[in-house]
Amino acid sequence: MTAPAATATTATTARPAVPPALAGTLPASAVQAVLCAALQEDAPYGDITSQTLIPAEARATAVLAARVPGVFSGGEVFAAAMKLTDAAADVELLVADGAGFAAGTPLARVRGNARAVLLAERVALNLVQRMSAIATKTAEFVALVHGTRARITDTRKTTPGLRVLERYAVRCGGGANHRFSLSDAVLAKDNHLAVLTGGDASKLTAVLQEAKARLGHTTHFEVEVDSMEQIEPVLAAGVDTIMLDNFSLAELAAGVALVDGRARVEASGNVNLATVAGIAATGVDIISIGGLTHSVTALDLGLDIELEPVPATELPAG
């Protein structure tokens with residue numbers, strides 16, 4: 001598909017300001033690693049189609065355009081993808097990460113070697129479409145809990161190899177990040193507790209206290225519970241966060257009251273757009289949602305070649 005060329009007055013070399021909370025939080029080295037792996041997968045021996053059809057010296061201008069409304073994420077990823085295949089490419093980011101946009105909005109423009117633009121197109125689109133979908137979905141959840149104390153967070157249910165990008169996209173949507181990896185914090189779940197206690201609930205406080213004593217003082221300690229009866233024994237161990245997993249709304253409210261500020265309270269399980277407001281209203285501090293990253297549908301964005309107007313002197317006579 002082609003798009004009409006933009007007038008000179010719409011072009012700008014200035015990049016839109018990224019909100020301070022996002023600026024500098026997407027490591028360039030991580031972006032390059034993802035892009036190099038993706039390009040190696042997509043064009044291991046080059047792009048035979050463009051090499052056959054497109055003259056090596058041909059130039060092209062293309063616009064990343066929104067076909068549906070959403071929240072943008074991945075501008076620097078798009079730019080880095082284009083510059084990976086053509087270091088001299090001129091990339092203009094027209095919408096800032098974290099900004100909402102309407103259908104039809106131009107999000108970025110690239111000018112460069114035509115073969116290089118086409119080589120980077122699918123890798124760039126795959127990533128930016130997914131990142132913008134995550135940002136858009138996160139923003140929907142964030143809007144639904146506005147006015148409550150609840151913070152929307154992601155989980156480790158991310159696409160292997162893309163966690164750094166998907167986590168950044170959650171931040172673009174106004175959400176926050178849970179622990180990045182298994183190395184970052186202790187989160188004892190039901191299987192850990194089963195092994196640790198051997199099924200003897202009376203051991204719960206003591207074994208958690210012993211484990212906590214082995215940690216450095218800066219390491220966060222969170223424990224998941226699946227019943228009201230586990231809350232007091234877990235709190236007695238001095239944990240930082242208690243996760244109430246698959247609790248009903250009434251149980252969540254009762255759990256928050258029982259904890260009474262002695263730890264952060266996280267709600268997890270059965271969280272969707274229809275339930276999240278009710279969950280937030282119970283007074284929990286954190287709502288973690290795997291669906292922010294594991295089941296989003298790519299946002300419909302397209303990269304359209306801009307056609308330059310044909311000068312009148314080159315038009316056929318008659």
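Tutor: A residue is called buried when its relative accessible area is under 20%, exposed when the area is over 50%, and partly exposed in between, with a 1.4 Å probe and protein chains only. This is a predicted model, in which local features need pLDDT of at least 70 and side-chain atom pairs count only at pLDDT 80 or more, while totals for chains, interfaces and linings use all residues. Residues are numbered from 1 along each chain as its sequence is written, and side-chain values use heavy atoms, with hydrogens and water left out.

Student: Is Phe72 buried or exposed?

Tutor: The relative accessible area of Phe72 is 0%. Because this value falls under the 20% limit, Phe72 is classed as buried.

Student: Which residue forms an aromatic pair with Phe72, edge-to-face?

Tutor: Rings of Phe, Tyr and Trp (its six-membered ring) pair if their centres lie within 6.5 Å, and planes under 30 degrees apart count as stacked, over 60 as edge-to-face and the rest as tilted. The structure holds one aromatic pair, with 6.5 Å centre to centre and 75 degrees between the planes, so it is edge-to-face. Phe72 lies in the loop between β3 (70-71) and α3 (75-85) and its partner in strand β5 (residues 100-101), so the pair ties together parts that are 29 residues apart in sequence; strands (E, at least two residues) and helices (H or I, at least four) are DSSP runs, numbered from the N terminus. The partner, buried at 7% relative accessibility, is Phe101.

Student: What separates the C-alpha atoms of Leu107 and Leu64?

Tutor: Leu107 belongs to strand β6 (residues 106-113) and is buried, with a relative accessible area of 0%. Leu107 and Leu64 are 43 residues apart along the chain, yet their C-alpha atoms are separated by 5.4 Å.

Student: How is helix α6 oriented relative to α7?

Tutor: The contact is made by Leu193, Leu196 and Thr197 of α6 and Leu204, Val207 and Leu208 of α7. The axes of α6 (residues 190-197) and α7 (residues 204-213) come within 10 Å and cross at roughly 100 degrees, where axes are lines fitted to C-alpha atoms, for helices over the stretch in contact, and angles run from 0 to 180 degrees between N-to-C directions. Angles under 35 degrees count as roughly parallel, over 145 as roughly antiparallel, 65 to 115 as roughly perpendicular and the rest as oblique. Therefore α6 and α7 are roughly perpendicular.

Key: Contact = heavy atoms within 4.5 Å.
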